[in-house]
Amino acid sequence: MGPISSLITMPEWLDLLIALLIGIGFGFSLEQAGFSSSRKLAGMFYGYDTTVIKVFFTAAIVALIGSQLLSYFGLLNLNLVFVNEFYVAASIVGGVIMGAGFIMGGFCPGTGLCALSIGKIDAMVFFAGGLTGAFLFAETYPLIQNLANGSYKGPVKINEVLGISPGLFAFLLIIAAAAMFWIAEVAEKKFARPDITNEI
Amino acid sequence: MKNRYMNPYLAGTMLGLVLLLAMFLAGRGLGASGGLKYCVVSIVGAVDRPHVQESIYYSKYFEGGKKPLKNWLTIEILGVVAGGFLSGAVSNRLTFKIEKSPKISNTRRLIFAFLGGVFFVYGAQLARGCTSGAALSGMAVLSVAGFVTMVAIFGSAYLFAWFFRKNWI
Amino acid sequence: MEIIKKYKEVITVVLIVLILVLIRSLGVNHFKNDAKRWAEPTIKQSNTITIEHYGTLPGKKLVINLDKDVSGISQITMDGQNIPADSILSKKYFKIIRKHDGPILLFSSETSVSARIWMVLSQMGFDNIYILNNNTDNEVFKYKFRPDTLPEPEL
Amino acid sequence: MNTREKFSIVLLCLGFILALLPLSGSRSFTVKPNELLSEVLDDNTYLTVDQVAKFIISEDSSVQIIDLRSPEEFKTVNIPGSINIPYSELLDNDSGNILNNGKTMNIFYSNGDFDSNYALSIARGLNFKNTYVMKGGLNEWFKTVMNSNFTGETITARENSLFEARTRAKKMFTEMNSLPDSLKLKFIQSKHIAAKKLDGGCE
């Protein structure tokens with residue numbers, strides 16, 4: 001059956017309306033989680049606030065379980081759901097650059113946007129920086145083309161690489177996540193910074 | 001006194017369900033950095049047409065009279081801003097302010113915020129997705145790219161955390 | 001009692017999912033997972049058997065005549081069970097098929113009908129089911145294509 | 001009992017259930033068995049070779065003819081304008097996107113009556129309502145269209161148009177398949193619609 005978009009050829013307006021609604025839900029959840037606060041986000045790298053890890057992994061796992069169940073019930077054809085393509089070098093280098101950006105700016109694009117939406121001036125500057133970054137990438141693209149498109153592996157799924165069923169992998173991932181949640185809360189007590197956490 | 005934030009696990013579940021909905025309705029994950037790119041592309045397109053035509057990068061976003069602004073991701077990030085505002089309104093967190101550690105000056109915070117934006121989105125373009133587009137959505141569909149990007153982002157952030165600790169703690 | 005109170009949210013969520021999953025996996029009247037697996041015999045062409053050879057199958061056989069009339073099957077066997085194709089999933093007949101253990105053989109004077117019904121039943125999880133037919137060369141290309149010897153057309 | 005423990009337990013339980021399920025990437029039938037049964041027994045899912053012949057000579061672009069035979073067989077002879085999805089690959093991932101091509105009709109044919117009708121049951125079971133079968137397959141096509149010659153004294157208007165259609169289809173078929181392999185291959189490649197790429201991510 002699903003995804004709906006593959007069943008019926010949607011008129012553009014409907015497709016974009018869905019995009020808007022999804023976006024609203026996305027922004028709302030991020031802001032409710034407290035991702036509109038750079039100090040809260042940065043907290044996870046210094047241990048005094050690990051909300052990021054909790055929200056991030058809970059979300060990924062919920063979506064993972066949900067999609068697997070839907071496909072088991074025959075409601076969602078996972079072969080028609082986009083799977084990110086794997087460019088080894090690009091993913092790693094890009095990831096490292098993003099990490100640096102994360103710790104400098106205290107936002108990632110998504111969280112930056114919803115911080116901006118509630119009037120955080122630093123987030124607006126971050127957004128301006130983001131636009132500049134995208135512009136720089138576009139201009140420097142010819143130089144880094146090979147890096148960006150090199151070592152292409154296609155849309156590979158991790159459970160296929162490991163040769164186990166998606167369900168089993170999900171289970172292992174969840175075990176790891178549960179352990180991480182526990183560690184995270186221990187860390188929060190160890191590196192507690194009431195002076196900061198009370199401000200945010 | 002502002003309202004407290006939602007319980008992280010609850011918020012995570014909510015976010016997860018939104019992601020699931022995106023997969024079910026549109027057969028795709030969430031994304032943010034892509035939207036920024038399309039904004040830039042359309043701005044450049046409006047300012048400097050000829051440059052766009054010859055550039056191998058920009059041209060592909062305009063071929064066949066495509067409008068970068070009328071794009072799933074662009075509309076989605078509009079939604080993100082709206083949703084964030086909505087949430088801020090209901091838990092009255094709407095205030096203009098520069099959030100920073102008291103130990104650093106506003107200018108320093110803003111400079112780093114700007115640099116952060118530049119780095120993050122540049123990296124996101126390279127990795128074809130940011131924390132939401134590549135890491136979160138990628139993990140939900142079990143894509144290797146998602147896990148690798150996620151590890152790279154958080155791993156390097158932890159490494160660099162020491163150098164920038166003055167900004168935060 | 002204490003424990004149930006303490007864990008009530010947990011129990012509700014897990015229970016709901018568990019029940020849904022059980023309904024899905026134990027229900028009889030639905031298609032099994034993994035279409036490719038249940039179509040495998042047709043790719044290996046191990047799901048058709050000729051009238052001469054079907055006797056060699058082990059176990060008690062159930063020959064099903066999918067045609068409206070019996071003239072076709074009566075030439076093969078007298079103990080064929082007459083089940084019109086359109087009522088094969090009706091309670092009465094489906095029970096017979098489900099209860100039967102041993103090979104099930106589908107016969108129809110229309111090859112296409114038995115082929116289609118075979119796929120439907122196989123996807124519902126019947127793995128000891130065959131198509132009874134004689135024209136074994138049905139999927140063999142019987143003709144010879146003669147290219148025209150005229151000078152080829154300008155393209 | 002704090003929230004973390006509750007959530008961890010729920011997720012672990014669900015994960016455990018998932019781990020036990022026979023999940024696999026490949027697809028499963030989605031329509032209800034009774035619906036599928038009535039669909040596969042519907043006579044409108046059959047097309048005669050003459051109907052197909054008419055589609056070919058009119059080069060109807062709303063119709064997609066799908067050859068289920070092996071690539072080798074396909075290369076030697078195939079119906080003009082058809083694309084090749086070997087039956088053994090029908091259930092592979094991208095074939096779904098090929099059937100999902102917005103055509104009003106996807107017409108399956110193989111040499112005979114087995115593969116094409118298996119394919120129809122599969123496609124309909126996966127909820128591709130726009131799928132049909134050319135009855136009798138390529139054998140029937142040769143019997144009726146390629147070897148058609150009118151015997152008799154007088155010919156009615158209907159027969160006349162029928163035979164004219166057959167003759168024209170036959171001509172197209174022969175021309176197409178008489179091409180030297182190199183040209184034919186080019187033609188086939190130009191006809192082959194690639195599975196449409198999925199849209200998503202931050203690209």
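This is a predicted model: local features need pLDDT of at least 70, side-chain atom pairs count only at pLDDT 80 or more; totals for chains, interfaces and linings use all residues.

Residues are numbered from 1 along each chain as its sequence is written, chains are lettered from A and ligands numbered from 1 in the order in which they are written, and side-chain values use heavy atoms, with hydrogens and water left out.

**Stop 1: chains A and B**

Colour by chain, then select A and B. Of the five pairs of chains in contact, these two share the most contacts; contact means heavy atoms within 4.5 Å. On chain A, 130 residues touch 119 residues of chain B. The two chains bury about 10800 Å² between them, 76% of it on carbon and sulfur atoms. Buried area here is the accessible area (1.4 Å probe) that two parts lose on being put together, summed over both.

**Stop 2: charges and polar pairs across A and B**

Where is there a salt bridge to look at? Select E99(B) and K120(A): they form one, with the closest N and O atoms 3.6 Å apart. The rule (a side-chain nitrogen of Lys or Arg within 4 Å of a carboxyl oxygen of Asp or Glu) finds four salt bridges across this interface. It also has 36 residue pairs in polar contact, both residues at pLDDT 80 or more. A polar contact is a pair of N or O atoms within 3.5 Å; within protein, one must be able to donate a hydrogen and the other to accept it, and residues adjacent in sequence count only if both atoms are side-chain atoms.

Next, highlight helix 7 of chain A (residues 121-149), which gives the largest share of the side of chain A that touches chain B, 26 residues. Helices are DSSP runs (H or I, at least four residues), numbered from the N terminus. By class, that side of chain A has 80 nonpolar, 36 polar and 14 charged residues. Nonpolar covers Ala, Val, Leu, Ile, Met, Phe, Trp, Tyr, Cys and Pro, charged covers Asp, Glu, Lys and Arg, and the others, Gly among them, are polar.

**Stop 3: chains D and C**

Zoom in on K6(D) and E9(C), which form a salt bridge with the closest N and O atoms 3.8 Å apart.

**Stop 4: the largest cavity**

Finally, select L30(A), F35(A), F56(A), C108(A) and T131(B). Of the 15 residues that line the largest cavity, these are the closest to its centre. A cavity is a set of points on a 1 Å grid over the protein atoms alone where a 1.4 Å probe fits but cannot get out; lining residues have an atom within 4 Å of a point. The volume of the largest cavity is about 150 Å³, taken as the space filled by probe spheres set on the points, with grid points joined across faces, edges and corners.

Which element gives the largest share of the lining? Helix 7 of chain B, with three residues. The lining has eleven nonpolar, four polar and no charged residues.

Key
On a 1 Å grid over the protein atoms alone, a cavity is a set of points where a 1.4 Å probe fits but cannot get out, and a pocket is an open set with protein on both sides within 12 Å along at least five of seven lines; lining residues have an atom within 4 Å of a point. Helices (H or I, at least four residues) and strands (E, at least two) are DSSP runs, numbered from the N terminus.
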